[in-house]
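Here is a short report on a ligand site.

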Amino acid sequence: MYKIISNSLITDNVYKLEVEAPLIAHSIKPGEFIIIMVDSMSERIPMAVYDINGDNIIIVYSVSGASTYELKNAKSIHSLLGPLGNESKFTFDTELYQDKKVLLLVSGTGIAQVNRISKRLNELEIENDIYSVDKSIFNEISVVNTNNLSDLISKYDAVLTVGSFEFMEKVVEISNILNKEVRVSLSPLMLDGVGLCGSCRVLIDGEIKFACIDGPEFDGTKVDFETAKKRMELFKTEEGRRYLREVEGNTFTGGATNE
Amino acid sequence: MNDDLKRTPMSMLDKEERIHNFNEVELGYTKEEAIKEANRCLQCKIPMCMKGCPVGHKIPEWIKAIKEDRLEDAYKIISEVSSLPAICGRVCPQEQQCEKMCVRGLKGEAIAIGALERYVADNVERSLEYLKKEPNGKKIAIVGSGPSGITCATDLAREGFDVTIYEALHRPGGVLAWGIPEFRLPNKIVDKEINLVEKLGIKIIYDTIVGKTISLESIIKDYDAVYIANGANKPKFMDIPGNEANGVYSANELLIRVNLMDGMLDESRTPIKVPKICYVIGGGNVAMDAARTIRRFGSETHIMYRRTHEELPALGDETIQAEEEGIIFDYLTTPIKILKDENNKVIGMECIKYELGEKGEDGRMSIKEIPNSNYNVNCDQVIYAISSEALNIATRDSDILHLKNGLIFANENETSIENVYAGGDTVTGPMTVIKAMEAGRKTAKKIIENLK
Ligand SMILES: Cc1cc2nc3c(=O)[nH]c(=O)nc-3n(C[C@H](O)[C@H](O)[C@H](O)COP(=O)(O)OP(=O)(O)OC[C@H]3O[C@@H](n4cnc5c(N)ncnc54)[C@H](O)[C@@H]3O)c2cc1C
Ligand SMILES: Cc1cc2nc3c(=O)[nH]c(=O)nc-3n(C[C@H](O)[C@H](O)[C@H](O)COP(=O)(O)OP(=O)(O)OC[C@H]3O[C@@H](n4cnc5c(N)ncnc54)[C@H](O)[C@@H]3O)c2cc1C
Ligand code: SF4
Ligand code: FES
C-alpha cells in the first residue's frame, strides 16, 4: 500500500498525483516509467514520472477511460512497480549531445515524460527546450502550432517527441526531411511491464521489440507507425468511453488532450 | 494389499459443466480412496519410484503412513524434502518421473503418487515451524518468489537464516501464480503454501525489481549471500508475417490477464478479448493451459501442433482433459502467415501440412513439409505457446555475471561471484516446478555449508 500525498485537478481533465514511493523516487532515471494499480482488482496503468519530490513521485495524467477515472478517485495505491524501461538516450549518452541543441516536442500528457529529461539536460548544461502542440497543461510551457513544426525543428540538432502515435509519426516525417536525429518515446498497450507478455511489442526496423524492456524510447525513423497505431485500437474500447460518459455525463471531454 | 491393476480413479468435475467455470477440475482423493490406492503400493525394498524423483521423496515411507491413516507422519516425511507438496502433487510431471519408474507400472498402472501427495497436503493441519532452528544472524536475499526462490528461502529459514525475497510482481509464486491456471492450481492453494513459509519469518518484498528498483550490487553488499531465481519467461513469437495483427497474443498475455489480474472475476478491471475461433500454436503445458483457459470463455478452441498426439510434450492428463473439454487438435500443421483485414484484425491463418520422417538423434520424430499443402483456416485469435527465453533484468545492467544466451551461467548453482548463486529456469531455461525446487534446495545446502 502506498500513501497518496495529493491528487488534484490541474486543468481540464488533467490531474497531478503525488505518491510516497521512496525506492522508486531514488532510483528512477529520466525516460523510465512505472505501472500503477489502484487496488487489487484494478488494471495496471503505465505512467511516466513527471517529477520527484524527496521520497515522492509525481504523476501527471489525463482521465481517458475507466482506469484513469479510478485513479482520479483513488484513496491509496495498491501497487507501484518501477522503474521500468530504460533511461533516455539524451541523458544517458550525454557526450553525444554536449554541443547540441535538443528539442523536446510533445502533445498532451507527453509533457510528463520529457519534464525530467529536460531537468537533467539542464544539469548537464545541454541546451534544450520543451514545446507542446496543444494548449499546454502547464502555463510555462511554450506552445507551437502544428503548421509551424518544420520551422521549429529546423532550429535544433536533435528531437525527442512524446505523444499520440499520429503526432509522433508526423514529427518523425518532418525531422527526416530536415535530416535531424529524431527519437520517440512510445506508449503502446502494456500489461506486466517486465517483459512477460509481449503486448507492448512494436516493430523496430522490422524486428519485434518489447517497449517495456527495450524501450520506451526508440530511433523514430525505425518505428513502424502503421501497425503501432492500429494496435492501439485493441483495448481502447468503446466500453471505457461509454462508462465515462455515464459517470461524467456529457461534460466528459474524452481525455482529448491529445487531439 | 490391493492388487487391482488399475489405479483408484479420482473424482473430477463434469466435463460439460467445467468449461463454464474456472473451478479446479481434479477433486482429490477421499480418505477411503487414498487408503485404497496406498494399499496398491508394494513397499518395495529397492523403491524404483525414488530413483525417478529429482528431490528424493521417501515415497514408500509416506505411502505406508497414508495406508495406516497416520497423516501427520506422512506430512512430516514429505516435509523433509518438499515445502510445496500441495503444489507438486498437482502439477509435477509424475508420469515422467516417479510414476514412470514405479514397478506396478510394468504390469498395469503405476501408483498414483502425485494424487497421494496432494491428499496428504490438502488434509493435514500443516505447519513448518517445528523445524525452525535458532536465528544464526546471517542474512540472505533471494530474487524471485517462484518455486525455486521459495524452496531455497524455506530451507534457509528453517536453518535460522534471516531471509528476504524480492519479487517484481504484486503477488508471490512466479509461474504458479500468473501462469498455471486456477482449474489446475487454485491461487488459494498457492497462497496457503506461501503463508506457511512466511510463518518461518521469511519476508517477501513486492513491487521490487532487482536490477531496477534496487541494484544487484547493493543486495550483494547488504546480504551474506544472494540467490537469483528469476525464471525465464519472455515469450517467443513465430517468425512469420502478421504477428502485429490485433488478435495475436502470447499465451503468457492471456494467462497473466486471467490469473495474475483475476480476469475471470467480474470485479476485475483487466479486459479479456474473447474470440469466436481461437488457434493456440504449440503442444506443451503452456499451450494446454492457454487453450483450456480461452475455452472457458466460450470460444471454439483449436490447438495446432507440428507433430502428432504421441509427441505432445504436455502432461498426459492435461491433454486428456483438454480433449474432454472439446478442444480440437490440428496435428502435423503449422501456420506460415497470419491473415488480417484492413483494420489489422486477425481473420485467419495460412497453414502448411507436415508428415513425420525419421526419428532424430534426440529421440523425437523429425517432420518434413508436404509441398503444396497450403490451406487457410478462419479464426479471429491466434495465441502463441511456443516456449520462452530468459530475460534477466536483475543481471542485465551489471556486467558481473556471465550470461549464456540470456541465461545466467552457473556451475552447480554457483556463479562467478562469491556468495552469489543462481538456479531454476533462469539457469536451465524453461523446465519444471520440481527442477526449480531442486535447484533451490541444492543452493540452500551450499549456502548453509559455505556460510558455516
Ligand atoms: C510508457 C507509458 C507511459 C505513459 N505515461 C502517461 C502519462 O504520463 N500520463 C498519462 O496520462 N498517460 C500516460 N500513458 C497512457 C496511460 O497509460 C493510458 O492513458 C491509460 O492506460 C488509459 O487507461 P484507461 O482505462 O483510463 O483508458 P481506456 O482508453 O478506457 O483504456 C482501455 C485500455 O486501453 C489501454 N490504453 C489506452 N490508452 C493507452 C495508452 N495511451 N497507452 C497504453 N495503454 C493504453 C489500457 O491499458 C486499457 O486496457 C502512458 C502509457 C505508457 C505505455
Ligand atoms: C503456463 C505454464 C504452465 C506450466 N505448467 C507446468 C506444470 O504443469 N508442471 C511443471 O512442473 N512445470 C510447469 N511449468 C513450468 C514451471 O512453472 C517453471 O519451470 C517454474 O515455475 C520455474 O520456477 P522458477 O522459480 O525458476 O521461476 P518462476 O516461476 O518463473 O519465478 C520467477 C520469479 O521471479 C520474479 N522476477 C523476475 N525477475 C525479477 C527481478 N529482476 N527482481 C525480482 N523478481 C523478479 C518473477 O516475477 C517470478 O515471480 C509451466 C510453465 C508455464 C509458463
Ligand atoms: S515403486 Fe511403486 S510400488 Fe514400489 S514403493 Fe514405489 S510407489 Fe510403491
Ligand atoms: S508489457 Fe508485457 S512484455 Fe511489455
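The sections below describe the site around ligand 1.

## Basis

This is a predicted model: local features need pLDDT of at least 70, side-chain atom pairs count only at pLDDT 80 or more, and totals for chains, interfaces and linings use all residues. Residues are numbered from 1 along each chain as its sequence is written, chains are lettered from A and ligands numbered from 1 in the order in which they are written, and side-chain values use heavy atoms, without hydrogens and water.

## Shell

Around ligand 1 there are 25 residues (near means a heavy atom within 4 Å). A:Glu43, A:Pro46, A:Val60, A:Ser62 and A:Thr68 come nearest. Chains A and B both contribute residues, so the site is shared between chains.

The shell holds 15 nonpolar, eight polar and two charged residues. In this scheme Ala, Val, Leu, Ile, Met, Phe, Trp, Tyr, Cys and Pro count as nonpolar, Asp, Glu, Lys and Arg as charged, and the others, Gly among them, as polar.

## Polar contacts and cover

Polar contacts here are pairs of N or O atoms within 3.5 Å. A polar backbone atom of A:Ser67 lies 3.0 Å from a ligand 1 oxygen. For A:Thr109, a polar side-chain atom is 3.3 Å from an oxygen of ligand 1. A ligand 1 nitrogen sits 3.2 Å from a polar backbone atom of A:Ser187.

## Elements and domains

In chain A, β4 (45–48), β6 (56–62) and α2 (66–72) each supply at least two shell residues. β4(A) gives the most, with four. Helices (H or I, at least four residues) and strands (E, at least two) are DSSP runs, numbered from the N terminus.

Ligand 1 lies between domain 1 (2–84) and domain 3 (188–215 + 225–259) of chain A, because both give residues to its shell. Domain bounds come from an automatic or database domain assignment.

Conventions:
Polar contact = N/O pair within 3.5 Å; in protein donor to acceptor, adjacent residues only side chain to side chain.
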